[in-house]
Amino acid sequence: MTTSDSSPGAKARDLVRRAETAALAVRLPPEGLPYASLVLTACDHGGQPLLFISRLAEHTRALEADGAACLLFDGTAGLEARLTGARASVVGRLEKVADEGLKARFIARHPEAEMYRDFPDFALWRMAVDRVHLVAGFGRIHWIESADFLFDTKATGELAASEPGIVAHMNDDHADAIALYAEKLLRLPAADWRLSGIDPEGCDLIAGAATRARLIFPEPVSNAIEARNRLVERVKAARLASE
């Protein structure tokens with residue numbers, strides 16, 4: 001299931017929300033030569049990419065000298081002709097952020113990062129997006145400005161604050177509902193599915209350390225009550241789909 005908004009900006013944002021990794025391109029000091037590496041990714045509720053990286057890495061030291069960067073998100077895995085699939089190059093500046101909530105959001109998506117949560121050389125970085133280059137298939141190529149890529153979160157702050165409680169409640173008390181989302185709505189194999197996050201446009205599911213999926217909401221939500229109602233509606237839809 002993909003985003004209900006068919007605009008290029010929404011398509012690119014959906015690709016970023018679903019991604020587990022990206023190729024990070026930076027400028028190596030002092031010459032400014034290009035350098036690319038593979039990084040784990042998450043994003044905030046607006047779609048701005050998040051990295052949790054060590055200062056020991058070449059890319060981090062490069063970012064400390066010059067925050068200009070590009071993140072390539074690849075949605076072509078599994079396709080027979082990979083160049084027919086979608087990919088998005090997100091261009092902007094990466095900056096350190098001291099936000100425990102966003103760090104927790106990253107770690108929920110990548111549980112293996114828990115072991116270095118408090119390592120002094122690790123820090124959370126967020127990209128201030130300038131623009132995005134989306135290649136969605138042959139002839140479907142777009143430059144997207146930041147305002148058309150990011151989800152407007154001015155009215156959804158309450159949802160972000162409620163996210164940890166919603167996720168914990170669903171995982172602790174409604175594992176059966178999460179299984180229905182995965183198996184009936186997303187047509188995925190049975191597994192120990194759990195929620196790793198919820199945002200205005202959908203929720204993220206995880207099974208084990210490496211299997212992830214995304215459930216899109218038919219309409220965005222802005223607070224905990226709307227999120228609860230939407231999650232209940234999705235359960236009803238999943239039960240109908242199993243009949």
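Two strands are taken as paired if DSSP finds at least two bridges between them. On that basis, the predicted model contains an open sheet of three strands in the order β9-β10-β11. The pairing in this sheet is antiparallel. Strands of a sheet pair through backbone hydrogen bonds, either parallel or antiparallel. The edge strands are β9 (193-199) and β11 (211-216), each of which pairs on one side only. From one strand to the next, the twist averages 25°.

Six bridges link β9 to strand β10 (residues 202-207) in the antiparallel sense. Within this pair, L195 stands opposite L205 in β10. Helix α1 (residues 8-18) packs on the sheet and touches β9, β10 and β11. The direction of α1 makes about 145° with that of β11. Helix α3 (residues 100-109) also lies across β9, β10 and β11. Its direction runs at about 145° to β9.

The protein as a whole has seven helices and 11 strands. Its radius of gyration is 18 Å, close to the 18 Å that the globule rule gives for 243 residues, so the protein is as compact as a globular protein of that length. The C-alpha trace spans about 60 × 45 × 35 Å along its principal axes.

Strand pairing was also examined around β1. Strand β1 (residues 21-28) pairs with strand β2 (residues 33-40) in the antiparallel sense, over eight bridges. A25 stands opposite A36 in β2. β1 also pairs with strand β5 (residues 68-74), again in the antiparallel sense, over three bridges. Here A25 stands opposite C70 in β5. The hairpin of β1 and β2 has four residues between the strands. In this hairpin, G32 takes a positive phi near 80°. A cis peptide bond joins P29 and P30, with omega about 0°. P30 is found in the loop between β1 and β2.

The axes of helix α6 (residues 175-185) and helix α7 (residues 224-241) come within 9 Å and cross at roughly 50°. That angle makes α6 oblique to α7. The crossing of α6 and α7 is left-handed. On the α6 side, the contact is made by A177, L180, Y181, K184 and L185. On the α7 side, the residues are L231, R234, V235, A237, A238, R239 and A241. By class, the residues of this α6 and α7 contact divide into nine nonpolar, no polar and three charged.

Helix α5 (residues 157-173) packs against α7 at an angle of about 40°, with the two axes 9 Å apart. α5 is thus oblique to α7. α5 passes α7 in a right-handed crossing. E158, L159, S162, I166 and M170 in α5 meet A224, A227 and L231 in α7. The contact of α5 with α7 has six nonpolar, one polar and one charged residues.

The axes of α5 and α6 come within 5 Å and cross at roughly 95°. This places α5 roughly perpendicular to α6. M170, N171 and D173 in α5 meet A175, D176, A177, I178 and Y181 in α6. The residues of the α5 and α6 contact divide into five nonpolar, one polar and two charged.

The loop between α6 and β9 contains R187. Phi of R187 is near 60°, a positive value in a residue other than glycine.

Note on methods: Residues numbered from 1 in each chain as written. Predicted model: local features only at pLDDT ≥ 70, side-chain atom pairs only at ≥ 80, totals over all residues. Heavy atoms only, no water. Axes fitted to C-alpha atoms, helices over the stretch in contact; angles between N-to-C directions. Helix = DSSP H or I, 4+ residues; strand = E, 2+ residues; numbered from the N terminus. Parallel < 35°, antiparallel > 145°, perpendicular 65-115°, else oblique. Left-handed = near helix turned anticlockwise from the far one by under 90°. Contact = heavy atoms within 4.5 Å. Nonpolar A, V, L, I, M, F, W, Y, C, P; charged D, E, K, R; others polar. Rg over C-alpha atoms; globule rule 2.2 N^0.38 Å.
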